[in-house]
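Dear colleague,

Please find below the structure that I am handing over to you. My notes on what was found in it follow directly after.

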Amino acid sequence: MSQNAMAQNGMMKEETKMVGGAAMYPSKNIVENAINSKDHTTLVAAVKAAGLVDVLMSEGPFTVFAPTNDAFNKLPKGTVETLLKESNKAQLQTILKYHVVAGKWNSKDVIKMIKKGKGKAEIKTITGGMLTAWMKDGNVYLTDENGNSAQVTIADVNQSNGVIHVIDAVLLPKA
């Protein structure tokens, strides 16, 4: 029996991580876990409004840099409400997909890339946009194409279809 089958049958203790007051299960997909995090209700609402639930429930694998509610609250007043409108669906999809990378990249992979790049690693998102990963005081940061940075606050939250790294700011592609 595979590890995944054993985990689904409850024959194996899953190694979970706590995010937003909820255990994140490696046997569940990105969406199934995210909906349980009290810190990611805005992100989940945005994923639903953008029509990206099926994509993030698909096999992947994906690496998602997941902004918290506080991260969305740092955006100018009214921004989230505006983005959640049906008329802004395409823009919302672009912003959310800018937080997603094809493949499963755990923190060790990202740190290895940063070291190989002599302090910086360019990461291509599924939109084709670029994020720059770097480190300061042992923490991993991502900088978007506009020069805004987010810190990875919880790394390596494993999912059945990838990995989530919680970040403290919303990253925005070049307009």
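A search of the whole structure finds 1 aromatic pair. W134 and Y141 form this pair, which is stacked, with 4.6 Å centre to centre and 15 degrees between the planes. Here, rings of Phe, Tyr and Trp (its six-membered ring) pair if their centres lie within 6.5 Å; planes under 30 degrees apart count as stacked, over 60 as edge-to-face and the rest as tilted. W134 counts as partly exposed because its relative accessibility is 22%, whereas Y141, at 16%, counts as buried. The terms are set as follows: buried is under 20% relative accessible area, exposed is over 50%, and partly exposed lies in between (1.4 Å probe, protein chains only).

Please note that this is a predicted model, in which local features need pLDDT of at least 70 and side-chain atom pairs count only at pLDDT 80 or more, while totals for chains, interfaces and linings use all residues. Residues are numbered from 1 along each chain as its sequence is written, and side-chain values use heavy atoms, with hydrogens and water left out.

Overall fold

The protein has 8 helices and 9 strands; helices (H or I, at least four residues) and strands (E, at least two) are DSSP runs, numbered from the N terminus. Of its 175 residues, 43% count as buried. The C-alpha trace spans about 50 × 40 × 25 Å along its principal axes.

The sheet

An open sheet of 7 strands runs in the order β4-β3-β9-β8-β7-β6-β5, with mixed pairing. Its edge strands are β4 and β5 (121-124), each of which pairs on one side only. Two strands pair if DSSP finds at least two bridges between them. From one strand to the next, the twist averages 30 degrees; axes are lines fitted to C-alpha atoms, for helices over the stretch in contact, and angles run from 0 to 180 degrees between N-to-C directions.

Strand β5 is joined to β6 by 4 bridges, and the two run antiparallel. A121 has A133 as its bridge partner in β6. The hairpin of β5 and β6 has 5 residues between the strands, and G128 there takes a positive phi near 95 degrees. Strand β5 has a covered face, A121 and I123, and an uncovered one, E122 and K124. Strands β6 (residues 130-136) and β7 (residues 139-143) pair in the antiparallel sense over 5 bridges, and K136 stands opposite N139 in β7.

Two helices

Which residues of α8 are buried? They are S107, V110 and I114. Seen down the axis of α8, they fall within an arc of 65 degrees, so they line one face of the helix; the arc is that of the directions from the helix axis to the C-beta atoms. The cover over these residues includes β5, β6, β7, β8 and β9, where contact means heavy atoms within 4.5 Å. The face of α8 turned away from its buried side carries the exposed residues K108, K112, K115 and K116.

In helix α7 (residues 89-97), the buried residues are L92, I95 and L96. They cover an arc of only 95 degrees around the axis, which puts them on the same side of α7. What covers them includes α3 (41-49), α6 (79-83) and β4 (100-102).

Yours sincerely
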